[in-house]
Structure formats: structure tokens, C-alpha cells
Amino acid sequence: MKIFKKITTFYQEDRPFVVYRKPNSEYVSGLFMKNDTLLFTNDFSESGFVFAPFDSEQKAILFPLENSEFITEKLFLDAFIDQEKTFFADEAAKENHIKLVDKTIKEIKKNDLKKVVVSRTEQLEITDFSLLAVYQKLLQNYTNAFVYVWFHPKVGLWLGATPETLLEIENSVFTTMSLAGTQLYKDTVDVVWKSKELNEQQLVTDFIENQLSGISSQLKIDKTETARAGSLLHLKTKVTGVLNQKSTLKTLVSALHPTPAVCGMPREKAKKFILENEYYKRSFYTGFLGEINIKSLKFKTQSSSLFVNLRCMNINKNNASIFIGGGITKDSNAAKEWEETVSKSNVMKRVL
């Protein structure tokens, strides 16, 4: 495939690019930049691909369509079997994360915080790293996720397979989702969810409804369902609506990001706690990425597709940084929260 050859060439030559496949799609697309100028979106009115950090006060990087070669190809890959492997957790990391979760629970109980999403990072030494091989494994193994590889020599290399849509919008009709709760997939999606996960999911759905009610109409909230993402299951609720005439894509993004699924509630207090108490800086983990204002010549419409940057990793020479987290409420159990992050980290470790 031409697009895979260009991944290897651009990465070896330190030239910016992004390649991605949308959930359940047979096609893979890529933007290959004509120069290495680091550009940012001003108001999400441009056309291209954005890569935004968790901290909404920071700018989102833009690969403009007009400054790139855009390629779309049908995807052909051999089958890949996800091997169940056991990875040994670091005891110091376990102790630190449990301390952080316990501190978070105490903070929630003593003020008006309802939920805080706390996370950690794992450093994994890698040998004989093949960017193309790792990306192809992600594509093969996570067909219902947004699977991407993003590179800029002035920023770094990121890969991911995220199950969470931030929003999709065509003209003024948009779709978003609330996603929360995690358990291991064991050959069925017909599972029982505990009240902790159900309450956490409802918090996210209520937040989205409240944020969108003032900037949209015809808001519809579907029934909550169990969704599979590789070896994990999550609770998912689809939300659709129509953006008001005076509202813009930037208005919609600002209303949703960061969602309670990656930050917490109330949003600003949860975000402040995260920035002050996590043991590292999230950077682009739990930010968002995707197409903005891409025009379809066939249907004469303009659409944007943005995804929350979960199940991702940052590669720096022979080191892979893997990011994992979970939603904490007053009913959380620190030891169980640790185990959930271990399950999530395995998603990325298996492809390495």
C-alpha cells in the first residue's frame, strides 16, 4: 500500500504526517505535510487534522489540508491474533497510584467533587521497534476504534487505538457519546455492571446533556449499551443533536472537552486537582484528535470527526510511554482502580 510506504519514508526523513482509520472503516487516510512548520488552529475554522492536548488552555496543533498531500486507500491486512500475555507491574508504580487514588477519594468526600479521573504513565523499553509493524497490529486488532499514528519532528511520535468519539458533525448535525466504566471482555458483551460504573456513566451523560442544551436543539439521548474495545468492555451512550446557528465547531468542542470521562465533575475543579496532583504531565493523552471541516465533493457537505486520545502511547527513541487512568468516585476502591489501569495498559503492551 502506498500509504504504508509513505509512513516509513516520512518517519525516516523526519517529516510530519498523520495516518488514521475511523472505527469500523475499510479505508485508511493520511495527511503528509509539505514542510515541518509547527502550526496551530486559531478557531477550528480551518480544514485539516488537529491534535489537541488535555489542557484546553493550550493550543491544538493543525496539519492544514492545503499544506499536505491527502491520501485515502482501502485497507488490506492479514489477520492478527491478540495474544493474551501476562505483564508484571512495577510495585513502586502500584504504591504511587494507590496513594493518588486514596487522596482523590478523600478530596471527593470533603467537597463538592463528584468524580475525578486520575491517570499514570508506564515507561517501557523497546528493542527493534518497527513503526509500521506496531501500527498494523493496532489496525488489525482494534477494528472498532479510531486507530492512528501521528508524527511531527518538533513534537514527537504518538500512536493509539481509541474507543471514544468526542464528536462527529456534518453541516450542523452532530453525534457524541458518553463512555465510562471498564471490565474485561470474556467472550460476551452480556455482562452485569455494578452501581459504581452505572452512576459514573450517568454523571458523564448528564454533563453532556447540560453542556449541549444551550447551544443545540433536537437533543436525543439513546439507551446505554455495553461496547467492546479490544479486550475491554465499556458503558456507552450515544447523544445526537443539531447545532444552533450562532454556535460554531469551536463552541461545541469547548462545551465537550475535556469530558467527565477523562477529567471529572465539576470540570474545572477536577481539572485543577489533576494538574496539581498527578505525577506527570498528560500532554496529548486524554486530549483529542481528528479531521476538521473536510469537504465531501460527492455530497457537497462539510464534516468533522474528533476522537478522545485514549489507549495511546508516545515513542521516544527506545522508550514507549503508555498512559492509563480511571474514573474515581466516592465509592471507588483504590486496589481495584489499580487493577483496571493494569488491564488497560496491556492493550498497548501487547502490540509492542
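Helix H1 passes helix H3 in a right-handed crossing. This is a predicted model, by the way. H1 covers residues 2-12, and H3 covers residues 131-141. Their axes come within 10 Å and cross at roughly 140°. Angles over 145 degrees would count as roughly antiparallel, so H1 is oblique to H3.

Who makes the contact? On the H1 side, we have Phe-4, Ile-7, Thr-8 and Tyr-11. H3 brings Leu-131, Leu-132, Tyr-135, Gln-136 and Leu-139. Sort the residues of this contact by class. Seven are nonpolar, two are polar, and none is charged.

Now the strands. Take S7, residues 146-152. Is S7 mostly covered or uncovered? Mostly covered: seven of its seven residues are buried. In a regular strand, side chains alternate between the two faces of the sheet. Look at S7 with that in mind. Phe-146, Tyr-148, Trp-150 and His-152 point one way. Val-147, Val-149 and Phe-151 point the other way. Both sets are buried.

What pairs with S7? Start with S1, residues 17-21. Five bridges join S1 to S7, and the two run antiparallel. Find Trp-150 in S7, and Val-18 stands opposite.

Next is S8, residues 156-162. How many bridges join S7 to S8? Seven, and again the strands run antiparallel. Tyr-148 has Gly-160 of S8 as its bridge partner. S7 and S8 form a hairpin, with three residues between them.

To recap. H1 crosses H3 right-handed, at roughly 140°. S7 is joined by bridges to S1 and to S8.

How values were computed
Residues numbered from 1 in each chain as written. Predicted model: local features only at pLDDT ≥ 70, side-chain atom pairs only at ≥ 80, totals over all residues. Heavy atoms only, no water. Buried < 20%, exposed > 50% of the residue type's maximum accessible area, 1.4 Å probe, protein only. Helix = DSSP H or I, 4+ residues; strand = E, 2+ residues; numbered from the N terminus. Pairing = 2+ DSSP bridges. Axes fitted to C-alpha atoms, helices over the stretch in contact; angles between N-to-C directions. Parallel < 35°, antiparallel > 145°, perpendicular 65-115°, else oblique. Left-handed = near helix turned anticlockwise from the far one by under 90°. Contact = heavy atoms within 4.5 Å. Nonpolar A, V, L, I, M, F, W, Y, C, P; charged D, E, K, R; others polar.
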